[in-house]
Amino acid sequence: MSKGVFANEEVMEEYLNALLTEDVDISVTPAPKAQEKVVAKEIVRPYAPAAERVKPVEELLKQVEIPVEPIVPPAPVVEEPKVIEQTVVVEELELTPPPPTTPEKSIPVEDFQALYFEVAGLVLAVPLTELGGIHNLADVSPLFGKPKWFKGLMIHREQKINVVDSALWVMPEKYNDELADSLDYKYLIMLGDSNWGLACEGLVNTVTMAPEDIKWRTSDSKRPWLAGLVKEKMCALLDVKQLIQLLEQGLNSLDKK
């Protein structure tokens, strides 16, 4: 047997013994290449039994722990709940407001004064608290496009006064040419703070009335301009506020608001 074979044999033994000792850092020492392992097997002593030749390798494999990473199942994918946006359409309901209730007329609890005046033989009364003044009737300028009972405008101290044909306004159903020719208007009865004036033929007198002297109307369902009837004279007591509203709307005494 040649000397080279024994030299290689000694190197191989030192290598295998070094792998079996505790001082060897397996994680650092590089493992022999596959080709080198084959050569090492080929140069072992030919006279050694087969079981002895493979024993060091089996011992080595038993001592080397191969780390096995545990199989961790993937974490379940939890989907975030989807937020479904819902658009709520709120329909606007057209609410029909209830019809306005007609308030009851306020009945005076104390005595009051009123002025009597005449229109075509009819006597009317107006409370002095709602009398805006009395003017002499002067020149009246007619206006087109106005109701028939609108006589026109009268200028009084730079104030434009709307003159009302009282007979035509109060009793349009009885107004005719004969009645129109007999009228002799001389005064204007001003209604409150407005610029409306009722033409009249004469002023009768001023009297003090008690609430019980009047047969009061309790609603405005018909003839809202009429506050009540004076029992002694059997004449109409005017509701000035309601009368002004009718005039502003172009309505006569028989029209409904």
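Predicted model: local features only at pLDDT ≥ 70, side-chain atom pairs only at ≥ 80, totals over all residues.
An α-helix has 3.6 residues a turn, so residues three or four places apart point the same way. After α6 comes G250, a residue whose phi is positive, near 75°.

## The protein as a whole

The protein contains six helices and eleven strands, and of its 257 residues 29% are buried. Among the contacts with a separation of 6 or more, 56% are made by residues 24 or more positions apart. The accessible surface of the protein comes to about 19,200 Å², and carbon and sulfur atoms account for 54% of that surface.

## A buried aspartate without a salt bridge

Although D165 is buried, it has no salt bridge, and K151, the nearest side chain of opposite charge, is 4.7 Å away. When residues up to four places away in sequence are set aside, D165 touches W149, K151, Y175, L183 and Y185.

## R223 and its contacts

R223 lies in the loop that runs between β9 (214-216) and β10, where this arginine is partly exposed, with a relative accessible area of 33%. Leaving out residues up to four places away in sequence, R223 touches R217, S253 and L254. R223 and D255 are separated by 32 residues in sequence, while their C-alpha atoms are 8.1 Å apart in space.

## A patch of negative charge

On the surface, a patch of negative charge is formed where E110, D111, E212, D213 and E232 gather. One of these residues, E232, is found in the loop between β10 (226-230) and β11 (235-238), and E232 is exposed, with a relative accessible area of 74%. Why can E232 be called exposed? Its relative accessible area of 74% qualifies because exposed means over 50%.

Methods:
Residues numbered from 1 in each chain as written. Heavy atoms only, no water. Patch = residues over 30% accessible without salt bridge, like charges linked within 9 Å, V, L, I, M, F, W, Y side chains within 5 Å. Areas by Shrake-Rupley, 256 points an atom, 1.4 Å probe, with all protein chains shown as cover. Salt bridge = Lys/Arg side-chain N within 4 Å of Asp/Glu carboxyl O. Lys, Arg positive; Asp, Glu negative; His and termini not counted. Charge placed at Lys NZ, Arg CZ, Asp CG, Glu CD. Helix = DSSP H or I, 4+ residues; strand = E, 2+ residues; numbered from the N terminus. Buried < 20%, exposed > 50% of the residue type's maximum accessible area, 1.4 Å probe, protein only. Contact = heavy atoms within 4.5 Å.
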